[in-house]
Each structure stands twice: as C-alpha cells, then as structure tokens.
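Trainee: Please take me through the surroundings of the ligand in close detail.

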Amino acid sequence: MTHVPRRPASQDQEGGAIQPATYALEAVGLRKAFGGLNVTQDVSLNLAPGARHALIGPNGAGKSTLIALLSGVLRPDAGTVRMYGQDVTHKNLAQRVKCGLVRTFQVSSLFSGLTALENVYLAVSECAMRSWRPWSPAKADKAVLERSEAILCTVGLQDVQRRTIGELAYGQQRLVEIAIALALKPKVLLLDEPGAGIPSAQSNLLLRALDRLPPEIAILLIEHDMQLVRRFASEVTVLVEGSILLSGSPDEVMKSSEVRTVYLGSKRTERFEEERAHA
Ligand SMILES: Nc1ncnc2c1ncn2[C@@H]1O[C@H](COP(=O)(O)OP(=O)(O)OP(=O)(O)O)[C@@H](O)[C@H]1O
C-alpha cells in the first residue's frame with residue numbers, strides 16, 4: 001500500500017459530474033533539512049473538512065517538524081501549505097492562527113495560578129480582540145464568559161473550571177490546552193501528542209473530549225497511543241525518516257507488515273503490537 005493523496009469530491013445538484021472540493025488543509029511536497037539531515041522529504045498530506053486524521057511514526061520520524069511546518073513555526077525549504085485553497089506557506093504562526101489553523105499549546109504555556117476558566121477566558125477575549133481587565137471582573141464580558149464556559153463544557157471540564165491549573169490533574173491540564181485551542185476558533189486543529197504524560201486512569205477523559213470536538217473542525221492528531229488513534233481517527237498516515245510510508249484506515253495501517261517492521265526495535269513496539277493484535 002502506498003500513499004496517494006486523495007482529493008475530496010462532491011456531486012453537483014443533479015448528482016452528475018464530480019467536482020473537486022477544497023481541502024481544509026493541504027500540504028504539497030514539503031521539504032525541510034537541518035544541515036545535512038533531511039527531516040521532511042517531499043511530504044504531501046490532505047485533510048478534508050471535518051477530517052479525523054492521525055499521524056504516527058517512530059521516534060525521530062519527523063512528526064513534530066511536520067507539525068511545525070504546517071503551523072508556521074518553521075518555514076519549509078520547498079513545498080506549499082494551503083488552507084481552504086489559500087496559500088499560507090509564507091504566513092507565520094500568528095497569521096495562520098487568524099486563518100483558523102491552530103495547534104495545541106503546551107501545559108507549560110498555561111497560567112498555573114489562574115483557574116481553567118480564566119485561562120480560557122483570556123484566549124476567548126484575545127480572539128475577540130477584547131482587553132482583559134482582571135481588576136474589574138464585574139465588567140467581564142458576559143458573552144466571552146459564556147463562550148469560555150461552553151468550551152470547557154465541550155472538553156468535559158465544567159465541574160473543575162474554577163480550580164487553578166495547579167490544582168488540576170495533569171490529564172485535565174492537557175484538556176485546558178485543547179480548550180484554549182478551541183477558543184481560537186480553529187477550522188483546522190493540530191493536536192500534538194495530547195495523550196503524552198497522561199496516566200492511563202485519566203486517558204478516558206481525553207478520549208471523551210476528543211469525541212466531543214466540533215465535527216466541522218478538521219483535526220490532525222499526532223499520537224503514540226495506538227488505542228487513542230484507533231478510537232479517534234478514520235485515516236492514519238505513517239511517517240518514517242521524514243517520508244510518508246503509507247496512509248490508510250487504522251486497521252489497514254496496523255495490519256501492515258511494513259509498519260510493523262519500522263516499529264520493530266522501537267520502544268513503542270510493545271504497545272503497537274498489543275494494539276495490532278486487536279486490529
Ligand atoms: N532544530 C533542529 N535542528 C537539528 N535537527 C533537528 C531539529 N529539530 C529536529 N531535528 C532532528 O530531526 C529529526 C526529526 O525530529 P522530530 O522531533 O521532528 O521527530 P518526531 O517524529 O517528532 O520524534 P519524537 O516522536 O521523538 O518526538 C530528529 O533526528 C531530530 O534530531
């Protein structure tokens with residue numbers, strides 16, 4: 001099985017001719033090298049609107065670099081990134097966020113002394129171009145507050161929204177990251193290992209939150225947890241040494257002997273094999 005980027009198609013009103021539709025996110029021929037090391041090698045990847053797509057690969061495969069190229073943290077040496085047909089290759093991170101291309105923030109970027117609600121409120125109000133006045137909470141904009149509460153409800157944190165970040169379990173803190181990303185009104189959301197560091201007892205919280213993300217948002221999930229990938233994604237792309245090895249359904253990917261071979265020798269092998277046994 002090889003990777004062939006698929007173009008979404010739609011029928012016209014008579015149900016006749018197939019018209020090409022626009023991808024939410026389209027990467028074409030991305031390349032990136034650090035010195036002599038080719039970390040991203042001619043990577044093309046498409047996300048249709050509402051996609052649930054996972055990116056997997058062994059350590060050092062280039063997943064984080066690809067996310068950095070897609071989100072505008074890094075500039076590619078070659079290739080193009082488009083959002084809904086608009087070329088965003090030369091836009092930086094902030095400009096891409098304004099276009100609706102959002103990646104999750106790290107726990108370390110949260111304000112640990114503020115509550116979950118205050119953290120999300122800041123992001124919602126920033127998005128709404130409003131100023132935050134912590135000394136006058138009575139004047140806090142009701143619409144911003146309601147939207148912040150609704151977002152926290154989406155990720156399942158409504159019961160703990162008034163706890164400070166420092167009081168939350170690590171898994172809950174990671175959900176606040178997702179809530180902040182949602183506050184920025186993403187059309188495309190890049191989730192960079194949301195399950196990393198979450199104890200298995202808390203992983204159900206994450207699974208439930210992922211299930212409840214708005215269906216119209218196209219999501220690319222980078223994740224090592226194959227259980228999460230199977231539950232979440234309808235398409236999986238496998239990156240190896242900077243190139244796409246294959247794309248397919250989770251079951252197709254997990255049954256692939258090529259994929260198994262690249263995971264052999266990796267410290268992820270055991271987990272992958274466990275999941276594969278259930279594929
Ligand atoms: N800024 C950089 N300068 C030089 N080499 C880099 C830089 N960033 C990444 N690399 C190298 O690029 C390769 C891919 O790294 P990357 O972090 O993208 O992989 P990854 O698939 O995300 O790995 P992991 O699963 O371990 O996070 C690695 O060999 C890494 O050492």
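Mentor: β4 (37-47) and α1 (63-71) each supply at least two residues of the shell around the ligand. Helices (H or I, at least four residues) and strands (E, at least two) are DSSP runs, numbered from the N terminus. The model is predicted: local features need pLDDT of at least 70, side-chain atom pairs count only at pLDDT 80 or more, and totals for chains, interfaces and linings use all residues. Residues are numbered from 1 along each chain as its sequence is written.

With three residues, α1 gives the most to this shell. The residues around the ligand are Phe34, Leu37, Val39, Gly57, Asn59, Gly60, Ala61, Gly62, Lys63, Ser64 and Thr65. A residue is near a molecule if its C-beta atom, placed from the backbone, lies within 6 Å of it. By class, the shell has four nonpolar, six polar and one charged residues. Here Ala, Val, Leu, Ile, Met, Phe, Trp, Tyr, Cys and Pro count as nonpolar, Asp, Glu, Lys and Arg as charged, and the others, Gly among them, as polar.

Now follow β4 into its sheet. The sheet is open and has four strands, in the order β4-β3-β6-β7, with antiparallel pairing. Two strands pair if DSSP finds at least two bridges between them. β4 and β7 (86-87) are the edge strands, each pairing on one side only. Strand β3 (residues 25-34) pairs with β4 in the antiparallel sense over eight bridges. Leu30 stands opposite Val43 in β4. Phe34, listed around the ligand, falls within the residue range of β3.
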